[in-house]
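Thanks for sending this one over.

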Amino acid sequence: MEELTLALIANAHEGDEEARKQLAQKNMGLVFTAARRFLGRGCDYEDLVQIGSIGLLKAIDHFDSTFEVCFSTYAVPVIVGEIRRFLRDDGMIRVSRALKETAAKASCARELLENTTGAEPTLDEISRETGMAPEELVLAMEAARDIESLNQTVYQSDGTPVLLEDRLPDGRDHNEEALNKILLAQLLEQLEPDEQNLIRMRYFDDMTQVQVASRLGMTQVQVSRAEKRILRRMREAAG
């Protein structure tokens with residue numbers, strides 16, 4: 001199957017529009033799955049599919065067999081990145097001033113508590129510091145943040161990370177899972193070995209920041225800051 005794909009790509013690069021069309025049709029499943037990830041962002045599903053299709057065509061035009069990865073592995077982040085850029089550039093994600101102000105206060109309180117205690121604060125601690133209800137804080141922090149990986153930590157609960165995917169409705173989509181795995185695998189390959197190790201311990205081995213710190217000979221705060229820095233780079237690399 002991959003040999004056929006490579007042959008079609010080679011023909012498409014030589015100007016064969018029929019080959020390009022066949023490749024697009026064969027891989028539209030990737031676009032449909034990626035588009036579903038961004039439902040509820042203020043843009044119709046059909047529009048998301050159209051933008052994702054542009055990303056797919058870009059992937060076809062720029063794919064190089066010397067990349068030594070499957071075409072789908074290369075195409076997924078290109079498709080997702082195209083949709084992300086559209087949503088950001090066109091201002092489709094709108095957050096009220098009140099929510100932004102609440103999120104800013106929560107962020108300041110979180111940083112203050114971390115610097116004071118030397119540990120990642122829990123949601124309850126941020127709530128007490130700001131005088132705001134936990135539910136209000138979660139809503140503001142989630143609404144104000146950029147489109148992110150489902151593995152991004154939303155907040156800490158008793159030292160245990162609560163991920164964005166934990167707050168989504170139940171119900172598995174196997175195409176969605178496959179897309180996430182492909183994108184995550186590619187992002188991990190771009191990290192340094194010690195960074196990969198930290199992320200694997202946190203998100204694959206379900207280790208707390210304290211456990212990771214003990215394993216790596218670091219403090220919990222150092223692990224927390226390193227994790228944030230790595231996740232930010234991964235988000236930027238994802239488009």
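1. A word on terms to begin with: buried means under 20% relative accessible area, exposed means over 50%, and partly exposed is in between, with a 1.4 Å probe and protein chains only. Phe71, with a relative accessible area of 1%, is therefore buried. Phe63 counts as buried too, because its relative accessibility is 3%.

2. Please keep the basis in mind. This is a predicted model, in which local features need pLDDT of at least 70 and side-chain atom pairs count only at pLDDT 80 or more, while totals for chains, interfaces and linings use all residues. Residues are numbered from 1 along each chain as its sequence is written, and side-chain values use heavy atoms, with hydrogens and water left out.

3. Now to the rings. Rings of Phe, Tyr and Trp (its six-membered ring) pair if their centres lie within 6.5 Å; planes under 30 degrees apart count as stacked, over 60 as edge-to-face and the rest as tilted. Searching the whole structure gives 2 aromatic pairs. In one of them, Phe63 and Phe71 have ring centres 5.5 Å apart and planes at 85°, so the pair is edge-to-face. Phe63 also pairs edge-to-face with Tyr74, at 5.5 Å centre to centre and 65° between the planes. Since Phe63 sits in the loop between α4 and α5 (71-89) and Tyr74 in helix α5, this pair ties together parts 11 residues apart in sequence. Phe63, Phe71 and Tyr74 make up one aromatic cluster, and Tyr74 is buried, as is Phe63.

4. On helix packing, helices (H or I, at least four residues) and strands (E, at least two) are DSSP runs numbered from the N terminus. Axes are lines fitted to C-alpha atoms, for helices over the stretch in contact, with angles from 0 to 180 degrees between N-to-C directions. The axes of α3 (residues 28-36) and α4 (residues 45-62) come within 9 Å and cross at roughly 130°. The two are therefore oblique to each other (under 35 degrees is roughly parallel, over 145 roughly antiparallel, 65 to 115 roughly perpendicular, the rest oblique).

5. Which residues of α3 and α4 meet? Met28, Val31, Phe32, Ala35 and Arg36 of α3 contact (heavy atoms within 4.5 Å) Tyr45, Leu48, Val49, Gly52, Ser53 and Leu56 of α4.

6. Helix α2 (residues 17-26) also meets α4: their axes come within 10 Å and cross at roughly 125°. That makes α2 oblique to α4. Arg20, Leu23 and Ala24 of α2 make the contact with Leu56, Leu57, Ile60 and Asp61 of α4.
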